[in-house]
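Biologist: I have a model open and would like to go through it. Can you start with what I need to know about strand pairing?

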Amino acid sequence: MKGQQVLATIPSQQYATPKVKVTSAERTTKGIYYTLIGSRDATINIAQNGQVIKTIKNASATTKVFIPNAKIKNSTRGLTVTQRVTNKKTSQAVQLPPLKVNIKQVTNF
């Protein structure tokens, strides 16, 4: 490669927001409760099939979110979550688990 030189390699931790971690998900007859672990002062977006249905400003590392059935049209398929910190790129999307009514899913780290 003439005239090109790599000056430095920048790791993704410097320019991208890390992924959100889903620790628990519970489906009730009224909606879904998610417990998420992410970055402080991040904006978390929950989308269904590419359309944002809920936006949360994260104040602490752990966030509890409730999504009513009316917003998800009673189907949990296609739900994804991303987060964005100021001056960094949006994190990769995390697929939220599809749940049936009265099911609780817990993830251990």
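Modeller: Two strands pair if DSSP finds at least two bridges between them. Keep in mind that this is a predicted model.

Biologist: Fine. How many bridges join β1 to β2?

Modeller: There are 6 bridges between β1 and strand β2 (residues 31–37), and the two run antiparallel. They form a hairpin with 3 residues between them.

Biologist: Which residue in β2 does Glu26 stand opposite?

Modeller: Glu26 stands opposite Tyr33.

Biologist: And what about β8, how many bridges join it to β1?

Modeller: Strand β8 (residues 103–106) is joined to β1 by 4 bridges, and this pair also runs antiparallel. Within β8, Val106 is the bridge partner of Ser24.

Biologist: Why is β1 described as largely enclosed by the rest of the structure?

Modeller: Because 5 of the 7 residues of strand β1 (residues 21–27) are buried. Buried here means under 20% relative accessible area.

Biologist: Change of topic. Where is Asn58 found?

Modeller: Asn58 sits in the loop between β4 (51–57) and β5 (62–68).

Biologist: Buried or exposed?

Modeller: Asn58 is buried, and its relative accessible area is 2%.

Biologist: Which side chain does the Asn58 side chain join in a polar contact?

Modeller: That of Thr63, through a polar contact of 2.2 Å between the two side chains.

Biologist: What else is Asn58 in contact with, leaving aside neighbours within four places in sequence?

Modeller: Besides Thr63, the residues in contact with Asn58 are Gly38, Ser39, Arg40, Asp41, Ala42 and Ile44.

Biologist: Now the whole chain. How many helices and strands are there?

Modeller: The protein has 2 helices and 8 strands. Along the sequence the pattern reads α-β-β-β-β-β-α-β-β-β.

Biologist: How much of the protein do buried residues make up?

Modeller: Buried residues account for 37% of the 109 residues. The protein exposes about 7500 Å², with carbon and sulfur atoms supplying 51% of that area.

Biologist: Last one. Among contacts between residues at least 6 apart in sequence, how many join residues at least 24 apart?

Modeller: Of those contacts, 58% do.

How values were computed: Residues are numbered from 1 along each chain as its sequence is written. This is a predicted model: local features need pLDDT of at least 70, side-chain atom pairs count only at pLDDT 80 or more; totals for chains, interfaces and linings use all residues. Side-chain values use heavy atoms; hydrogens and water are left out. Buried means under 20% relative accessible area, exposed over 50%, partly exposed in between (1.4 Å probe, protein chains only). A polar contact is a pair of N or O atoms within 3.5 Å; within protein, one must be able to donate a hydrogen and the other to accept it, and residues adjacent in sequence count only if both atoms are side-chain atoms. Contact means heavy atoms within 4.5 Å. Accessible areas come from the Shrake-Rupley method with a 1.4 Å probe; for residues, only the protein chains shown count as cover.
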